[in-house]
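Please open the model in your viewer and keep the selection panel at hand.

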There are 2 protein chains.
Amino acid sequence: MPILVMKFGGTSVATLDRIRRATKRVGVEVAKGYDVIVIVSAMSGKTNELVNWVGETSPLYDAREYDAVVSSGENVTAGLMALTLQEMDVPARSWQGWQVPVQTTAAHASARIEAIPTDNLLGKFDEGMRVAVVAGFQGVSSEGRITTLGRGGSDTTAVAFAAAFNAERCDIYTDVDGIYTTDPRIADKARKLDRIAFEEMLELASLGAKVLQTRSVELAMRYKVRLRVLSSFEEQSDEAGTLVCDEEDVMENRPVSGIAYSRDEAKMTLVSVADRPGIAAAIFGPLAEASVNVDMIIQNIADDGRTDMTFSCPTDQVLRAETALNAAKDRGELNFRGLVADTDVAKISAVGIGMRSQSGVAAKMFETLSNEGINIKVIATSEIKISVLVDRKYMELAVQSLHDAFELEKLG
Amino acid sequence: MPILVMKFGGTSVATLDRIRRATKRVGVEVAKGYDVIVIVSAMSGKTNELVNWVGETSPLYDAREYDAVVSSGENVTAGLMALTLQEMDVPARSWQGWQVPVQTTAAHASARIEAIPTDNLLGKFDEGMRVAVVAGFQGVSSEGRITTLGRGGSDTTAVAFAAAFNAERCDIYTDVDGIYTTDPRIADKARKLDRIAFEEMLELASLGAKVLQTRSVELAMRYKVRLRVLSSFEEQSDEAGTLVCDEEDVMENRPVSGIAYSRDEAKMTLVSVADRPGIAAAIFGPLAEASVNVDMIIQNIADDGRTDMTFSCPTDQVLRAETALNAAKDRGELNFRGLVADTDVAKISAVGIGMRSQSGVAAKMFETLSNEGINIKVIATSEIKISVLVDRKYMELAVQSLHDAFELEKLG
């Protein structure tokens with residue numbers, strides 16, 4: 001029988017009632033003839049409670065014990081959903097990560113899945129099991145210790161199972177009903193997309209549209225897993241939600257698919273650094289060592305052998321960045337006159353695979369912002385994305401005007 | 001290094017603060033030079049919450065899923081205590097049942113431990129680990145599924161580890177400070193015993209002194225594990241609590257060590273049954289099939305080939321007993337004139353290994369009750385126990401007067 005993977009997030013299994021509701025959705029797919037692998041998160045709030053206990057017990061905790069503790073929430077949900085399925089006369093059982101086993105690296109608290117042997121589950125499907133309820137977010141290292149995949153890791157578990165079992169589709173049930181052209185809380189013309197390409201979803205996920213864990217989208221792209229995001233709180237048809245799929249399967253011909261934003265981006269400028277070969281390495285080496293996530297980088301035109309270097313990073317990493325750069329200066333590895341941090345900015349991005357083939361997208365973006373009197377502070381582009389930093393007070397206006405300019409209300 | 005097993009019950013690890021307090025006790029033993037195996041229960045209330053969720057989800061639940069769900073509480077405590085130990089600079093790690101592995105039968109929800117291989121833990125002790133924190137109450141079946149040992153099972157886990165690792169002692173930390181000559185809530189002259197024999201403890205445990213799971217005492221007796229019961233809420237010396245040990249190690253020469261009682265015992269009488277060979281089997285066969293726990297049995301003197309048969313069983317099994325006996329009558333396998341249930345009784349027992357060598361204990365017990373005007377309804381005796389059923393209203397009086405008569409206030 002064809003296999004379907006269904007994943008339910010924490011809000012979808014927050015209470016016994018919600019577990020029952022989610023289970024009914026599983027029953028619908030079983031009735032269609034699928035063997036189903038369900039991936040469950042912990043009941044919402046449970047993981048946070050456990051994480052807090054660990055932090056209170058040991059601020060610099062042993063990540064192996066962290067994993068042993070916080071993985072327990074998923075085990076509870078998996079067992080409860082298996083029982084609910086049995087109550088509906090659907091043959092089902094729960095599987096913890098080590099039982100499958102979900103083999104991962106030993107990088108505790110942020111492990112990566114290395115392999116998912118299929119024998120155990122396929123054997124049970126052959127014996128008549130119709131649903132395997134698997135505890136998401138967790139696995140087991142080669143040393144036999146429990147690992148977790150990092151927050152949002154259950155998405156990745158789901159996609160990895162879909163890839164390993166060659167599932168027909170991987171349905172991610174969550175508390176939103178799909179991927180939108182932008183955040184509906186900011187632009188009421190936002191439209192739900194029927195389809196979105198993996199590459200676009202990756203840019204949106206990493207830009208702060210936190211519907212799917214980035215890693216899960218990468219994995220889906222690599223293994224060509226058809227990924228669907230849909231709401232567990234609405235009646236669903238086969239066409240519900242948003243399908244994240246291959247570029248070729250996105251029928252519409254659109255230059256831009258979505259406008260993303262991030263308000264937690266800061267702009268930092270190193271004033272008057274020597275413009276010499278190796279200067280970029282001298283700056284960004286120490287930042288990387290200090291685990292600063294540098295996003296956009298621009299270098300001004302050199303003047304008298306000196307230049308300004310501007311980059312962006314998350315607001316909460318500004319202090320760390322300053323410390324690292326000043327230390328490099330003190331060590332004589334780097335020379336600059338000043339370091340200016342502007343934490344009052346926002347990043348706005350237009351994302352779309354259509355940019356590859358259609359020109360004029362950047363020009364239209366800059367013109368639109370200019371018409372609204374919004375000054376662009378930094379620009380960065382990739383093949384399918386154009387990002388700009390603007391003053392934070394213009395964030396909503398920028399999103400709305402770009403959404404209008406690219407006529408995104410006509411999508412979906 | 002010598003190995004010590006320490007077990008902390010749910011109330012001893014109910015909060016992070018209490019876990020810290022329990023962990024300090026562990027630290028004291030580590031400082032003395034012991035390698036320590038700690039067995040932990042779930043934080044109090046957690047297991048009940050999980051059990052209730054399972055019951056609400058599926059009244060006739062699959063015990064394998066029940067085990068997968070309810071075992072998670074112990075995993076949390078084990079990880080948190082390992083972290084607390086690490087904060088105290090004690091090398092420690094947590095172990096879940098399947099990691100040790102604690103091999104059990106597949107009788108889910110009431111599994112029995114079959115083996116505890118010592119290689120994994122001993123290897124880590126050799127590498128410098130000083131404390132292994134093991135999740136109690138759980139194990140793994142030969143099919144790789146999680147099992148649990150039944151309520152109170154962490155006591156059994158502790159004793160089984162003490163036996164497997166040939167531990168110097170197994171300390172059970174709980175919310176009482178030892179085993180008493182009787183319930184201090186009923187008799188204020190009750191005294192804590194310094195030592196008690198395994199056989200005595202077994203009788204007391206099964207009679208309702210619910211400090212230790214019966215199975216754990218059986219195991220300790222079989223493997224000669226020195227078992228100590230003490231409070232986790234008091235400063236402890238090496239002599240604290242009560243040592244449960246071999247008969248030879250109980251120095252005192254006392255006929256009676258404790259007075260136990262149970263208020264949940266009912267007396268049932270089959271009136272006028274035929275006094276023929278096989279009649280006992282005809283009565284107690286159906287009761288056993290209906291899982292009625294028959295305790296005391298007495299048969300009156302036959303008169304004209306007919307007799308009355310009286311037995312006792314837990315109050316909440318009376319209905320089941322009546323149904324089973326009436327069904328046997330309907331099938332023609334049993335004939336009796338009437339069936340009388342008296343649920344207004346209590347069982348009082350005097351327990352002591354000294355009874356084996358000292359006569360007159362029964363006579364003194366009956367005389368004492370008679371002097372108080374308490375009528376004895378049923379008597380049953382074993383080698384080290386005399387039990388009587390009396391009207392429940394006399395329960396406290398009976399316990400107190402027997403405690404006085406055997407001068408138990410002089411013990412401890």
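Two residues are in contact if their C-beta atoms, placed from the backbone, lie within 7 Å. The model is a predicted one, in which local features need pLDDT of at least 70 and side-chain atom pairs count only at pLDDT 80 or more, while totals for chains, interfaces and linings use all residues. Residues are numbered from 1 along each chain as its sequence is written, and chains are lettered from A in the order in which they are written.

Select V38(A) first. Leaving aside neighbours within four places in sequence, V38(A) is in contact with M6(A), F8(A), V26(A), M81(A), V131(A), V133(A) and V134(A).

Next, display chain A as a whole. The C-alpha atoms of chain A fill a box of roughly 75 × 50 × 30 Å along the principal axes. Of the contacts in chain A between residues at least 6 apart in sequence, 75% join residues at least 24 apart. Colour chain A by secondary structure: twelve helices and 20 strands are found there. Helices (H or I, at least four residues) and strands (E, at least two) are DSSP runs, numbered from the N terminus.

Where do the two chains meet? In chain B, 26 residues are in contact with 26 residues of chain A. Select α2 (46–57), α3 (63–70) and α4 (72–87) of chain B: each supplies at least two residues of the side that touches chain A. The largest share of that side, ten residues, comes from α4(B).
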